[in-house]
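Reader: I am new to reading protein models. Can we go through one together, feature by feature?

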Amino acid sequence: MRMVFRWYGEGNDTVTLDQIRQIPGVEGVVWALHDVPAGEEWPMDKIRAVVDAANRYGFHTEVVESVNVHEDIKLGLPTRDKYIENYKRTIEKLGQVGVKVICYNFMPVFDWVRTDLNRKNEDGSTALFYEKAKLENIDPMELVEKITRNSALTMPGWEPERLQDLSRLFELYKGVTEEDLWRNLEYFLQEIIPVAQRSGITMAIHPDDPPWSVFGLPRIITNQDNLRRFLQLVDSPANGVTLCSGALGANPDNDVIAMVYEFADRVPFAHIRNVKIYENGDFVETSHRTQDGSLDIYGIVKAYHDKGYTGYVRPDHGRQLWGEQCRPGYGLYDRALGIMYLWGIWDSLERAKGEQA
Ligand code: CS2
Ligand code: MN
């Protein structure tokens with residue numbers, strides 16, 4: 001596995017490249033132009049500025065997360081074609097600077113959804129929390145206000161321009177079924193995958209987080225059967241998945257280990273983190289260790305190892321520890337601890353394999 005670390009860019013992250021450099025075994029940063037609205041073409045000078053900044057610290061910039069998809073594409077509106085053209089131009093430019101993987105998602109309106117960004121754990125740390133009953137009873141607008149109020153830095157997926165239009169978007173999604181969303185996704189893939197392939201890039205869709213419908217909006221990248229269907233929509237090596245254990249694993253019916261065994265060859269990028277699921281359907285993000293949550297992180301890493309995985313891996317979200325002031329989920333400490341746990345498992349498996357041989 002090739003370890004990478006999400007970095008939001010100069011002035012947009014409390015974590016610096018200088019700090020990331022001190023985490024063992026991190027070879028690259030996962031980045032994006034967070035200030036370019038979804039649908040617009042990424043300007044080359046801004047792309048180069050991030051690449052240069054990362055390179056100065058010895059990091060590569062081969063993984064981008066995310067190039068966001070404009071809602072008109074997900075809705076299948078006639079205006080989608082101009083946004084798809086912009087998306088293609090961005091893919092080509094990223095190919096020119098050596099990007100290998102582009103992570104994106106196809107969730108209507110919202111990206112990830114939680115009800116609490118600073119849930120206090122017993123040990124005094126805080127974490128992202130999803131309270132099922134609360135989500136079912138909260139008005140989406142209220143949730144947006146709460147989420148944006150609780151984070152000084154913009155949360156990915158909760159960019160103001162994406163959300164200012166909320167009621168209009170909900171209106172547009174009325175009557176859009178899961179099958180409509182599948183059709184719109186297929187249309188998008190048929191357009192962009194050949195461009196990605198020519199550019200030396202694998203597109204890697206991020207699963208829906210949580211992997212079920214929220215606020216009555218359709219969601220389709222939610223389970224093993226749907227991932228299989230997704231990969232067959234355009235059966236090309238340039239059409240892949242960002243297998244996010246924490247997103248998929250929030251549904252106890254999802255067997256993430258089985259998904260790794262089935263799809264590893266089409267997973268250029270893996271997010272590995274743990275969640276603790278409660279009986280009432282709530283879940284909280286925990287430290288990476290298997291014992292600390294509901295997911296068998298050891299088993300997941302072993303599955304990648306068994307498959308001879310050579311793709312990129314990042315610890316996903318972490319808790320906020322030791323009073324760290326940071327973007328919720330994206331502090332330095334817990335993600336660094338997560339990396340060391342993942343390396344611990346990986347190195348032990350490597351050593352054991354060497355001894356057997
Ligand atoms: C998620 C998403 O993995 C994550 O960090 O919280 O924000 C993810 O970045 C997007 O869904 C990918 O497009
Ligand atoms: Mn993820």
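Author: We start with residue classes. Ala, Val, Leu, Ile, Met, Phe, Trp, Tyr, Cys and Pro count as nonpolar; Asp, Glu, Lys and Arg count as charged; the others, Gly among them, count as polar. Keep in mind that this is a predicted model.

Reader: On to sheets. How do strands of a sheet pair?

Author: They pair through backbone hydrogen bonds, either parallel or antiparallel. Here is a case. An open sheet is formed by four strands, in the order β5-β6-β11-β10, and the pairing is antiparallel.

Reader: Which are the edge strands?

Author: β5 (116–120) and β10 (275–277). Each of them pairs on one side only. On average, neighbouring strands of this sheet are turned by 35° against each other, direction ignored.

Reader: How many bridges join β5 to β6?

Author: Three, and the two strands run antiparallel. Strand β6 covers residues 126–130. Look at Asp-116: its bridge partner in β6 is Phe-129.

Reader: Where do side chains point in a strand?

Author: In a regular strand they alternate between the two faces of the sheet. Now take strand β9, residues 269–272. Phe-269 and His-271 lie on one side, Ala-270 and Ile-272 on the other. These four are all buried, so both faces of β9 are covered.

Reader: Which strands pair with β9?

Author: Strand β8 (residues 239–244) pairs with β9 in the parallel sense over three bridges. Cys-244 has His-271 of β9 as its bridge partner. Strand β12 (residues 312–315) also pairs with β9 in the parallel sense, over four bridges. There, Ile-272 has Pro-315 of β12 as its bridge partner.

Reader: Last topic: helices. How are two packed helices described?

Author: By the angle between their axes and the distance between the axes.

Reader: Which residues make the contact?

Author: From α12, Val-256, Ile-257, Val-260 and Tyr-261. From α13, Gly-299, Ile-300, Ala-303 and Tyr-304. By class, the contact of α12 with α13 has seven nonpolar residues, one polar and no charged.

How values were computed:
Residues are numbered from 1 along each chain as its sequence is written. Chains are lettered from A and ligands numbered from 1 in the order in which they are written. This is a predicted model: local features need pLDDT of at least 70, side-chain atom pairs count only at pLDDT 80 or more; totals for chains, interfaces and linings use all residues. Two strands pair if DSSP finds at least two bridges between them. Axes are lines fitted to C-alpha atoms, for helices over the stretch in contact, and angles run from 0 to 180 degrees between N-to-C directions. A residue is buried if 20 or more other C-beta atoms lie within 10 Å of its own, exposed if 12 or fewer, and partly exposed in between; C-beta atoms are placed from the backbone. Two residues are in contact if their C-beta atoms, placed from the backbone, lie within 7 Å.
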